[in-house]
Amino acid sequence: MAVALLGGVVGAAGAGTSPAFADSGAAPVAADQTPESKASARAAEAGEQVAVVGATTGSSQVFANPDGTFTQEMNAAPVRARKVDGTWAQIDTSLIRAADGSARTKNTTARVSFSGGGSGSGLVTLEDGEHQLRLGWPTALPEPRLEGSTATYAEVLPDVDLKLTALSSGYTSVIVVKTAQAAKNPELATIKMTVAGGGLDIAPTADGGFVARDSDGSPVFESPTGRMWDSAGDAPATTGASAQLLRTAATAQTEGEPGARETTPLPAAGGEPAPIEGPGSGDAAAELPLKVTGSTLEITPDPGLLHGEDTVFPLYIDPPTKGIALGDWTALASNGTKYWEFDGDKGVGRCSNYAGYLCASTPYTQRMYFEYPLSSIHGKKILDATIEVYQLWTFSCEPHWYDLTRVDKGISSSTTWSTRPSGVDLMGDREVAYGRGALCSPSQPANWVRFSDNVAGGETNENLTTALASYAASKQAAITFSLTAHDESDAGAWARFRNDAKLSVTYVSYPSAPTEAKVQDGTSGKACGTSAVPQVTSDTTPKTYGTVQSVDGSQAQLRAAFEIWKADGTSRAWTANSPSSAWVADNAVRDATSSVLTPQTDYRLRVKTQAYYMTDRGVTGVLDSPWSAWCYFRVDTDSPPAPVVSSSDGRYQPADTTLTADGVGVTGQCR
């Protein structure tokens, strides 16, 4: 849903008018030069979104919108990393040779470097800002062979290879045991690696992994429990279809698939992981809790799997390590497989046999989960929210329904299918089929699937925006969603989605308390007293002042709300809004003249900033700041009034409406 425009001055009833300040009241002073305010001003001038300087991270960006609102985009997985020169660029896990012979990633959120060979002590180095984690291998290393994101150290033990693969925020290390004879090597009974981190405290976790924390106790790097698996499920298929299926357009046409026009083969269903990525259907697998003792990291393979008569080689042993991402994501399969913070994409739905083609040799159901931190939108009024998930591939050109659901708890590296969160509120559903490209007519390339509240279309049960608003208002730490196929018995709904699902939240900030809450003193002065020594005025209708405040800057829509009470708090004497029927920008000085007050009486004044908003549902309202501190004054008609001074030659005008003129030593005429 589009968010209603908020730019300019808006009538108090919510009707938009042309951008201008109200005629009454004092003029605005210079706006705060915050990054948000600067971006908001540039967005209004350019008529397009402008990124807020300094607000970009690997998985989040904040944009100022031309209408005075802001939008934060949060990806579940990192999508950019800061280069050495400080600029941001797309993540690239490709490995390149460094001058010292090591292999390093081109651009990742945690800098990753692998040993160039020689001593095993410098196997892996992870750097995240000022923090560094180093892992070592117990023996000397050969020079690695580099291929894309993977460095292969051949024959680190007889018939045993070590493969390191760089990820966006860390790496995976897979020990490939190629034969049963190699598995008998006593050095594989317990694999001892070194682990060290400058300034980091490394400790085991309850689920069998480890975490490296900084001096403040914040996690910097983590590793889930290790795992191992064999190749029992990787035997060549004897039925006419394989798990990694390629299908031609010509075949599709003979089976009635619509619109195929060329012989480009379809990509694999992705139902089975690559052998080195994780256990697939039919593979024997075991979890391997890691043991951390001082600077030693121990991985003990399961002896029954390492030496089992039914074990099919090669055998894979995987203890991964990653940096801490702001968001979390995982894919959970009903066969017990989990893909915590996986790279790339995974499938959703029923992975089975569809139209004679195989997704997996053993059917299973899979769901994806995305978790987003919310501290950055605490104290914001949420106007609109959307989630977009990129669909890469689906079995059929025929659309299928996919559900986005808010779940009842968060996710972690230890979350499995049996401990998965439960759905509590359907956020939205969409019927789509993207990723078949020219095999469909018209072409259906990979694309974003957008979930947003379709209230205008009558789907009143879709409440993504209100859910985010509730979480932000109650200052919840995070929100977690599941992505599922609506019909998990339909193998035709199996589809692959990327890990970088994007949550976009449009908001305005709650305003801040006004500054300069005072009463007029003399010609153009402003003053404020205390309860013990109130400011004295002889004016029974004193002019009051307040400077409205909002971090949203020059495109915010604000007004000042004034109240005068008797000093003892027994009754309110007067209240007013300024402007009374319009809205002004941040840092505007507002004034209002009170009704007649009782002479020889003590009063107190307070002011608050109010901000206008409109949600994606067309609901309008006003946000209140805290009140200013009390300003005490006394109406005393028995005392002489403060002198009124004005310029007779026009050289010097009141300071609250006119910039300073001339300079020291320049005379003027006053009366």
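User: Why does Glu277 count as partly exposed?

Analyst: Glu277 has a relative accessibility of 30%, and the rule calls a residue buried under 20% relative accessible area, exposed over 50%, and partly exposed in between, with a 1.4 Å probe and the protein chains only. Since 30% falls between those limits, Glu277 is partly exposed. The structure is a predicted model, in which local features need pLDDT of at least 70 and side-chain atom pairs count only at pLDDT 80 or more, whereas totals for chains, interfaces and linings use all residues. Residues are numbered from 1 along each chain as its sequence is written, and side-chain values use heavy atoms, with hydrogens and water left out.

User: Why can Glu388 and Lys502 be said to tie separate parts of the sequence together?

Analyst: Their side chains form a salt bridge at 3.7 Å, N to O. Glu388 belongs to strand E31 (residues 380-394) and Lys502 to strand E37 (residues 502-509), so the pair links parts that are 114 residues apart in sequence. Glu388 is buried at 16% relative accessibility, and Lys502 is buried with a relative accessible area of 16%.

User: Why is Ala385 called buried?

Analyst: Ala385 has a relative accessible area of 1%, which is under the 20% limit, and therefore it is buried. Ala385 lies in strand E31. Ala385 and Thr71 are 314 residues apart in sequence and 9.1 Å apart in space, C-alpha to C-alpha.

User: What makes the space of about 850 Å³ a pocket and not a cavity?

Analyst: On a 1 Å grid over the protein atoms alone, a cavity is a set of points where a 1.4 Å probe fits but cannot get out, while a pocket is an open set with protein on both sides within 12 Å along at least five of seven lines. The largest pocket is such an open set, and about 850 Å³ of space lies in it, where grid points are joined across faces, edges and corners and a volume is the space filled by probe spheres set on the points. It is lined by 38 residues, and the closest to its centre are Arg227, Glu277, Asp318, Lys338 and Tyr339; lining residues have an atom within 4 Å of a point.

User: How many of the lining residues of the largest pocket are charged, and which residue types does that word cover?

Analyst: The lining divides into 15 nonpolar, eleven polar and twelve charged residues. Ala, Val, Leu, Ile, Met, Phe, Trp, Tyr, Cys and Pro count as nonpolar, Asp, Glu, Lys and Arg as charged, and the others, Gly among them, as polar.

User: Why are strands E6 and E21 said to stand at the edges of their sheet?

Analyst: Two strands pair if DSSP finds at least two bridges between them. The open sheet has eight strands in the order E6-E7-E8-E9-E10-E15-E22-E21, with antiparallel pairing. Strand E6 (92-97) and strand E21 (290-293) each have a single partner strand, so one side of each is left without a neighbour in the sheet.

Key: Helix = DSSP H or I, 4+ residues; strand = E, 2+ residues; numbered from the N terminus. Salt bridge = Lys/Arg side-chain N within 4 Å of Asp/Glu carboxyl O.
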